Every structure is written in structure tokens, then in C-alpha cells.
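Hi,

Here is the model I promised to pass on. Have a look at it first, and my notes follow below.

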Amino acid sequence: MTWAAAASRFQMPTMDVAALRSRAPVAFGVGCVSLAGANFRRSISPARSKPFACLSTSTDTSVKEAVHTDKAPAALGPYSQAIKANNFVFVSGVLGLVPETGKFVSDNVEDQTEQVLKNMGEILKASGVSYSAVVKTTILLADLKDFKKVNEIYAKYFQSPAPARATYQVAALPMDARIEVECIAAL
């Protein structure tokens, strides 16, 4: 069954594939997802609902933009502080370093957590967003026993609804840090 016949059979709008190719270099799974979605919708809802759109991502490197600010510590290796791509900001792991000195604010996890989140805020600001745009964070801890202390400080920066989050204890962090946090924010 061709795409046009399948679209007609399931009462889906036809699409101009040539126009799609010129706008999005990578599009995959459109037919299968749309057909499955049309059947699923029909089975759970007697009322006709509008067809849903298929989102695609781009592999075009011109869509990717590096973010840099001097108000946060420079990357410690060959990576960016953050990357803006596909309507998201991907912030690299941030440590509790003082930007001016490149040294930790202190050895305790509370001070490092506060500095990490300040640094992350500066990177988010340079990206054109704020903490409220963050949709996902990942926290890496040298000791999971610090979880409660970190949560108390974290809650001051991320209001409800808080972003989705994962927290892990790791064997070691760069420069023997106590905490590292990365995040994804919506533009």
C-alpha cells in the first residue's frame, strides 16, 4: 500500500514529501507512527480528532549554536558550556568553581551546590532562558548521603513544577568535586 493510499484509507491528510525534504534533512518513522496513531485514536475515541504532527530533529550542524559566558567557569575539556539546538539548551555538567579563580568555592557540598546552581544560572541566562525553562536535570554526587542537603538548596532554584531529574552517586568527579549538575532547558 502506498503512502497516498494509506493516507486516504485512514483519512489522514496528504503531505508534500518534496517540501518536507527541503525543510528537514532527517525525517523518519512518519508513516508508521501516523498509521498507528490514527488506529489508536480511532479505537479509544468515537469522536474524530485531528491528526497529530510528527516531530523530527535536524542533523544540520548550522542549527547547533555554542553558548559561552565568562560569568561561569570555562569548560575543562573539548566541550561547550552549553549548546542550543532544536529549541532546547543542553547545559554541560557544571561544577562549583568560582569563575574568576577556577577553584572550588569550598570543600563542602552545600557551598559547591550553591555555586553550581549560580554557575548554571549564568549559562542559562547567556542562552536566553532561566531556571523556569529547565525540563530535566541530572545530578552527580560523590556521596549519595549528601542527597538531602543538595535537595534543600536545589529547591530554592527550581520552583514547582520542578524539572524531571535523575541523581546518581559516582566513583569520582572532575577535580574531586562533591557535585556536578547538567540540565536541558526549553527555548
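Which residue in S2 does Glu65 stand opposite? Glu65 faces Lys84 there. S1 and strand S2 (residues 82–85) run antiparallel and are joined by three bridges.

Some ground rules before the rest. Residues are numbered from 1 along each chain as its sequence is written, and side-chain values use heavy atoms, with hydrogens and water left out. This is a predicted model, where local features need pLDDT of at least 70 and side-chain atom pairs count only at pLDDT 80 or more, while totals for chains, interfaces and linings use all residues. Helices (H or I, at least four residues) and strands (E, at least two) are DSSP runs, numbered from the N terminus.

The sheet: six strands make an open, mixed sheet, ordered S1-S2-S3-S6-S4-S5 (strands pair if DSSP finds at least two bridges between them). S1 (65–67) and S5 (164–169) are the edge strands with a single partner each, so one side of each has no neighbour in the sheet. From one strand to the next, the twist averages 15° (axes are lines fitted to C-alpha atoms, for helices over the stretch in contact, and angles run from 0 to 180 degrees between N-to-C directions).

Two helices to look at: H4 (residues 109–127) packs on the sheet, touching S1, S2, S3 (88–94), S4 and S6 (179–186), with its direction at about 30° to that of S6 (contact means heavy atoms within 4.5 Å). H5 (residues 147–157) also packs on the sheet, touching S4, S5 and S6, and its direction makes about 150° with that of S4. Just after H4, Gly128 has a positive phi of about 95°.

Finally, Thr137, which is in strand S4 (residues 134–141). Thr137 counts as buried because its relative accessibility is 0% (buried means under 20% relative accessible area, exposed over 50%, partly exposed in between, with a 1.4 Å probe and protein chains only). Its side chain makes a polar contact with the side chain of Tyr154 at 2.8 Å (a pair of N or O atoms within 3.5 Å; within protein, one must be able to donate a hydrogen and the other to accept it, and residues adjacent in sequence count only if both atoms are side-chain atoms). Beyond four places in sequence, Thr137 touches residues including Phe158, Pro163 and Val181.

Cheers
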